[in-house]
Amino acid sequence: MSRQLLGGLALCAALAAPLTIKAFSARPPAPKPIDVSAAEAGKALFLHEFTANDPLCPNGDGLGPVFNAKSCVACHRQGGVGGSGPQDANVHAFIARIITCGNDGIVRANTQKSGLIHNAATRPDFRETEEILKATSPNLDIHVTERKTPALFGAKLIDEITDREILANERAQQLRRGMAVEGSDRVPLGRAVRLVGNRIGRFGWKGQTASLSDFVQAACANELGLGNPNQAQAQSFAKAGYTAPGFDLSLEQCDQMTAFIQSLPRPEELAPPDVSSADVERGRALFSKVGCAECHQPDVGRVTGIYSDLLLHDMGQTLSAGGSYNDPPIPDPDEFVSAPAKQSEWRTPPLWGVADAAPYMHDGRAATLEEAIRAHTGQGDPARTAFTQLALEEQKQLVLFLKSLRAPQPR
Ligand code: HEC
Ligand code: HEC
């Protein structure tokens, strides 16, 4: 090769280098390895039944003062440790609003506070009830709804989806709606939850939390009353003025629980016993055909088989409810954040593992998968209608496909 040509190649390589680096850095970072010993310690914490003044919480008051259950696994247990919860593990969320009727005749509701009515307390005077909430919130309209416990299998993969990949789903739906020739309002249009700090929400029924470790810290504080450096333990609205002596859990203990959840295997796809894989495959095609996959998108970024776009969709009045724990803080007016989720907006729940996660919907109102489909309203209405218009045999096949989306199988 001539010297000149070689020189030219070197120049090309030099020019191309920055481009290559740029293209490379746009790729999502490699998945982080799991810290096995932390996960082991985290499993013990996840299974541990906490008590008031628990020895694992030397600086704090242990469980409570208010709590929903004594351990994480008391709720997250269907299909294995870390799974979804049955209906009796539901959490009770409330919103308290001022309802006003303006001179224009329009009724307005302004949320004043939101949170949980905890199931239990360490002392009778801490015990929260709807009656006490009403009595201590004069002039406020109180609305209490339930939240079903979701499964945590595959949470590490959701945690590692990049913000960019979720925003790409939002743009794709805007594009699909824009290109619809007719009935564009029937094309689902979701929105990403932009939280303070320019992070994109992806955990929780309202997509209210950006990362797994944030959610774990919030769950410790709100489900079990275990305060930690980033999340104060839940206070009882029945009795003000109580403060814990210190943090119940260290950040290290919270990180261990996160590591345990990260170590949970992802859900699997496996035809149920006595079901032909041909029926499952026909069901999968119908799932796309009737429009389920518009929101329950099979893949996001590198994560295959998640069946969610991780976006909020307006599901209409019949699926309206507000309040949760770890609601995003009221944003600074200068921050670029999206409006908080409306009562009718829900994050598309990932359907992986759904076969082992009954009952369904945010409050567990649907006992079966068929009922869950029939409960879709708002942006889900066109797909629900298209489902009900399928031949009965096809409806069954679609449900068989959903029944192939299983919790990780014991080995
Ligand atoms: C009383 C039942 C209950 C207990 C106990 C409980 N959870 Fe949950 N968990 C829930 C509910 C309900 C949600 C959904 C909350 C929401 O989105 O508003 C949830 C959501 C989560 C999520 C987010 C999952 C997702 O995909 O959105 C994580 C992570 C989590 N819990 C971890 C924990 C950990 C860790 C503990 C123990 C410290 C715990 N949970 C204890 C009921 C429970
Ligand atoms: C517009 C977006 C959208 C479309 C289209 C859609 N879904 Fe959903 N789906 C959601 C949302 C959002 C929820 C949660 C709503 C709630 O809990 O109130 C949900 C919930 C579910 C659930 C319950 C999951 C759980 O963990 O409780 C199932 C099952 C389900 N959908 C299946 C389907 C099927 C099958 C179709 C097609 C016939 C479909 N969905 C179409 C957005 C959608």
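## Surface and burial

The chain shows about 20600 Å² of accessible surface, and 58% of that belongs to carbon and sulfur atoms (areas by the Shrake-Rupley method with a 1.4 Å probe). This is a predicted model, where local features need pLDDT of at least 70, side-chain atom pairs count only at pLDDT 80 or more, and totals for chains, interfaces and linings use all residues. Side-chain values use heavy atoms, with hydrogens and water left out.

Of the 411 residues, 45% are buried, meaning under 20% relative accessible area with a 1.4 Å probe, protein chains only.

## Overall fold

You'll find 12 helices and 11 strands in the chain (DSSP runs: H or I of at least four residues for helices, E of at least two for strands, numbered from the N terminus). The C-alpha atoms fill a box of roughly 85 × 60 × 55 Å along the principal axes.

Among contacts with a separation of 6 or more, 71% join residues 24 or more positions apart; a contact here is heavy atoms within 4.5 Å.

## Around ligand 1

Ligand 1 has 28 residues around it, and Cys 72, Cys 75, His 76, Gly 204 and Trp 205 come nearest (a residue counts if one of its heavy atoms lies within 4 Å). By type, the shell splits into 17 nonpolar, seven polar and four charged residues, with Gly counted as polar and Cys and Trp as nonpolar. Helix H6 (residues 212–223) gives the largest share, five residues.

Now for the oxygen atoms of the ligand. A backbone N or O atom of Gly 204 sits 2.6 Å from one, and a backbone N or O atom of Trp 205 is 2.8 Å from an oxygen atom too. Gln 208 brings a polar side-chain atom to 3.3 Å from a ligand oxygen atom.

Conventions: Residues numbered from 1 in each chain as written. Chains lettered and ligands numbered in written order. Polar contact = N/O pair within 3.5 Å; in protein donor to acceptor, adjacent residues only side chain to side chain. Buried < 20%, exposed > 50% of the residue type's maximum accessible area, 1.4 Å probe, protein only.
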